[in-house]
Amino acid sequence: MTIDYAARAQALVGARFRPQGRGAEGFDCIGVVAAAFSIPAGQVRADYSLRAQDLSKVKAGLLHQFRRVGADAMQPGDVLLLQPGSRQFHLAVRTARGFVHAHAALRRVVEVPGLPEWPLLGVFRKRRR
C-alpha cells in the first residue's frame, strides 16, 4: 500500500500557523512534515530554530526518516529543504501542483503552485520500512 503524503499535507491547508506547532493548535514547517508523514512528536525535536542551526544538522535530522534524492527525481510527497534567507531553512512537502508549507506571514498552512522561489538545498523521500 502506498501512502499519499502529498494528500496528507494538502489536508492541512488552512490550518493555523504556530511556531513549534505540532497539531490542533497549529503547525510550523516541521509540524507540517511530521503530520503528513505521521512522525510521532517524541521523534521530532521541539528545541530548535531552523534559523540558527547549521545546514549539516538539518540534513542529518531529515536523514533519520528520509533518504536524499536528486532534484531531477522530485515527485509529490517529497520533502523539500529550502533556504528563504541567510542561515534560514524551511521545509515543504511537494504536491502535483506545487508545495505545501507553513506560511508564517499569512499565519496559515498554504499550498503554493509551482516550485518554491527560494533556493532548493535538498529533496528527501520517506524511507521504506
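**Salt bridges, rings and a helix**

Guide: A search of the whole structure turns up four salt bridges. Keep in mind that this is a predicted model.

Visitor: Okay. Which residue does Asp78 pair with in a salt bridge?

Guide: Arg125. The closest N and O atoms of Asp78 and Arg125 are 2.8 Å apart. Asp78 lies in the loop between E3 and strand E4 (79–85), and Arg125 lies in strand E8, so the pair ties together parts that are 47 residues apart in sequence.

Visitor: Is Asp78 buried or exposed?

Guide: Buried, with a relative accessible area of 1%. Arg125 also counts as buried, at 15% relative accessibility. The cut-off for buried is under 20%.

Visitor: And what does Arg97 meet in a salt bridge?

Guide: The side chain of Glu111, at 2.8 Å from N to O. This pair links distant parts of the chain, 14 residues apart. Arg97 sits in the loop between strand E5 (88–94) and E6, while Glu111 is in strand E7.

Visitor: How accessible are those two?

Guide: Arg97 is exposed, with a relative accessible area of 57%. Glu111 is partly exposed, at 23%.

Visitor: Where else does a side-chain oxygen of Asp28 reach?

Guide: To the start of H2. There it comes within 3.2 Å of the backbone nitrogen of Ile30.

Visitor: Let's stay on H2, then. Why is helix H2 said to be largely enclosed?

Guide: Seven of its eight residues (the helix spans 29–36) are buried, so the rest of the structure largely encloses H2. The buried ones are Cys29, Ile30, Gly31, Val32, Val33, Ala34 and Ala36.

Visitor: What follows H2?

Guide: Ser38 follows H2, and the phi of Ser38 is positive, near 50°.

Visitor: Switching to rings. How many aromatic pairs are there?

Guide: The count comes to three. Take Phe37 and Phe66: their ring centres are 4.9 Å apart and their planes are at 85°, so the pair is edge-to-face.

Visitor: What does that pair tie together?

Guide: Phe37 is in the loop between H2 and helix H3 (55–62), and Phe66 is in strand E3 (residues 66–69), so the pair ties together parts 29 residues apart in sequence. Phe37 counts as buried at 3% relative accessibility. Phe66 counts as buried too, at 2%.

Visitor: Which pair next?

Guide: Phe99 and Trp118. Their ring centres are 6.5 Å apart and their planes are at 70°, so this pair is edge-to-face as well. Phe99 lies in strand E6 (residues 98–103) and Trp118 in the loop between strand E7 (108–113) and strand E8 (120–126), so the pair ties together parts 19 residues apart in sequence.

Visitor: And Trp118, how exposed?

Guide: Trp118 is partly exposed, with a relative accessible area of 23%. Phe99 counts as buried, at 3%.

Visitor: Back to Phe66. Which residues form one aromatic cluster with Phe66?

Guide: Tyr5 and Phe37. Together with Phe66 they form one aromatic cluster.

Visitor: What lies over the face of Phe66?

Guide: Lys126, at 5.8 Å from the ring centre.

Methods:
Residues are numbered from 1 along each chain as its sequence is written. This is a predicted model: local features need pLDDT of at least 70, side-chain atom pairs count only at pLDDT 80 or more; totals for chains, interfaces and linings use all residues. Side-chain values use heavy atoms; hydrogens and water are left out. Buried means under 20% relative accessible area, exposed over 50%, partly exposed in between (1.4 Å probe, protein chains only). Helices (H or I, at least four residues) and strands (E, at least two) are DSSP runs, numbered from the N terminus. A polar contact is a pair of N or O atoms within 3.5 Å; within protein, one must be able to donate a hydrogen and the other to accept it, and residues adjacent in sequence count only if both atoms are side-chain atoms. Rings of Phe, Tyr and Trp (its six-membered ring) pair if their centres lie within 6.5 Å; planes under 30 degrees apart count as stacked, over 60 as edge-to-face and the rest as tilted. A charge sits over a ring if NZ of Lys or CZ of Arg is within 6 Å of the ring centre and within 35 degrees of the ring normal.
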